[in-house]
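Keep the picture open as you read.

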Amino acid sequence: MEHIIAVLVENKPRVLARVASLFARRGYNIESLAVGPTQDPNISRITLVVAGNESVLEQITKQLYKLIEVIKVSDFSDTPVVDRELALIKVHAPSNLRGEIAQTAEIFRARIVDVDEESLIIEVTGTPDKIDALEQLLRKYGIIEMTRTGRIALARGSKSL
Amino acid sequence: MRMKGAQVLVELLKKEGVEVIFGYPGGAVLDIYDALFDTPEIRHILVRHEQGAAHAADGYARTTGKVGVCIATSGPGATNLVTGLATAYMDSIPIVALTGQVFTHLIGKDSFQEADTTGITMPITKHNFLVTKAEDLPYVIREAFYLAATGRPGPVLVDLPRDVQQKMIELVYPEKIKIPGYRPTYKGHAKQVKLAAEAIQEAKRPLLYVGGGVIASGASDVLFELATKADIPVVHTLMGKGAFPESHPLSLGMLGMHGTYWANKAVMRCDLLIAVGARFDDRVTGKLDTFAPHARIIHIDIDPAEIGKNVKPHIPIVGDARMVLGEIVKRIEPITHPEWHEEISAWKKEYTPKYRESDRLLPHHVIERIYEKTKHLDTIVVTDVGQHQMWAAQKYPREKPRTWASSGGLGTMGYGLPASIGAQIGNPDKTVILISGDGSIFMKIQELVTAVNYCLPIKIFVMNNSYLGMVRQWQGCLYRGRYSCTRLVNPDIAQVARAFGAFGISVTEKEDLDRAIEEALKVTDRPVLVDCHIAEEENVLPFVPPGKSLDEMILE
């Protein structure tokens, strides 16, 4: 089962390496990873998406807590969350197909952020499913390259980690 | 007061109560060594290889309960520490390792003697620091000692670039340190403690399974109180040796792969297993599915990650062993289990280890004789890793904590000699006995120089069977006797010892053994090495083959 784990860490050098290497050496897989600052400049937030059963997740959480610079770990499995991913998709777009592509993008509330004679870059945010769906539709035009961020998530409501 | 970073470091070490440092100088620690030159309060022990410094700091920590400190230079100095740090990490031993690093502006440029020390040691330290701002130094040193010694102890490494050592900074001693992500739990959850006490009160066949955590937390006295008050037999791990007196009738000895017949039988039969500061290691449990099949399990450990890692306990308690056991003892009424003890006595009658008669020296016999000749002394027993380690664990009983040092988790051959140096430095009035093998001793033989240099009267007994004995045993049992590369062709080890300036004795005949031990005990001004030529193909028994259940012991 897929789990979203949010980790608050001290904003110090190598802390990401510690978290990533913990996963590697304990044999856990990371499906997606996103890191960035929070409202407190001393604290960063790492969002991990990992697969595993309850006991694996329990071990991951406990092992994360053992890292000295990890302040808080939260598994969002039982929590309603807003989770988002962002993708940039550079798609092959000759002038005769451009309208059609723009229309598709609009349905997904995606934005065209770069235009060239031969191509477009489309920016889309949303759940992974939504991005997958757009990617699927754009395939037939020829995706030149694309990049996706790791997923980020916040629990719904006024509580915080 | 302003002074060089290296001097600030040394002042802080004094503040932390550091009396001894084990180390080896080099280019990137010149400033630290220069500061130590003016510091008679801190004794520096010069080893001959940095791995020896780490093991010596480890042996010092295990036998004194203080934090061990070692120093190495950058690059190769630091990488040589790695095995020692990994050894300490696996056995939760508090060490602070100080390493030199190239100037900060040279980091990452493949500079001379540069290695990514914090990167390399990340998975084998409790925590590590690369100090990039000299002003951070006082805080980092304070945190390093705090982290090493508290919670689940472990090695902490501080990497110190040369410019950090050289910069003039203010000497401050941070009274308070703030580590927001580090808050070890010491006090057990009251509800869980109550449940545990009830379970103990109700159990018909309870068994205490104690590990190194009991020694780390200084819980031996409360453990004794609990065991005797509730009449609970005790089995210990290799790391837990000395946590409970082995001469006590409630002690069933060591459990696991080479545990006693009755200890393993008791695990398989008990209805309540109380694990204290132990981590259900594969060498202890054998096949996990069949481990303690009839038992409810109480697991007491200070590290929440150990609970449920290998075995799911019925009553988990996160906390310090001493505090939790103390709470439990208060809640139970005295009780006895005569039927349970009858069962155990029956196992003891059913099987007593029989050793074959031989004209050759037999390993069990050698250890028994060493024990007989030294049991009246205040001793510390250190071992290397292999067959001799198991024979020592089986045949040299320990009564008190911190009188036994052996590499348990990592199983580091070569640990013994430098660790016994650390033990002797930390305990100058005790008799330090090292039981080693002809494989292990040569892994760190250069430290015999150190022992000679500092006139350390360590009694070294080498169980010399001209084999890498434990590997040979496995080849014999599991690889149809195909002894691939385990035959060792050794020099005359007693001669080697003499060449180093130690006292060397060679024993080949049974009748010479006692005299050799007596002679060794008389030497007080230097190490003694007794090379015991034991029968070559003796096996360690009982033996639970890997992956088998604890009741599938090979007994002969």
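## A strand with two faces

Pick out strand S9 of chain B, which covers residues 206–210. Pro206(B), Leu208(B) and Val210(B) point one way from S9(B), while Leu207(B) and Tyr209(B) point the other way. Side chains in a regular strand alternate between the two faces of the sheet. Whichever way they point, these residues of S9(B) are all buried. Here, "buried" needs 20 or more other C-beta atoms within 10 Å of the residue's own, 12 or fewer makes a residue exposed, and anything in between is partly exposed; the C-beta atoms are placed from the backbone. The strand as a whole is mostly covered, with five of its five residues buried.

A word on where this comes from: this is a predicted model, where local features need pLDDT of at least 70 and side-chain atom pairs count only at pLDDT 80 or more, while totals for chains, interfaces and linings use all residues. Residues are numbered from 1 along each chain as its sequence is written, and chains are lettered from A and ligands numbered from 1 in the order in which they are written.

## Who sits beside S9?

Strands (E, at least two residues) and helices (H or I, at least four) are DSSP runs, numbered from the N terminus. Two strands pair if DSSP finds at least two bridges between them. S9(B) runs parallel to S12(B), residues 272–276, and five bridges join them. In that pairing, Pro206(B) has Leu272(B) as its bridge partner.

S9(B) also runs parallel to S10(B), residues 234–236, this time with three bridges. There, Leu208(B) is partnered with Val234(B).

## A look at Val164

Now find Val164(B), in helix H7 (residues 162–166) of chain B. Is Val164(B) buried or exposed? Val164(B) counts as buried because 28 other C-beta atoms lie within 10 Å.

Apart from neighbours within four places in sequence, Val164(B) is in contact (C-beta atoms, placed from the backbone, within 7 Å) with Gly5(B), Val131(B), Ala134(B) and Leu137(B).

## The bigger pieces

Chain B splits into domain 1 (2–170), domain 2 (190–350) and domain 3 (363–533), with bounds from an automatic or database domain assignment.

Key. Two residues are in contact if their C-beta atoms, placed from the backbone, lie within 7 Å.
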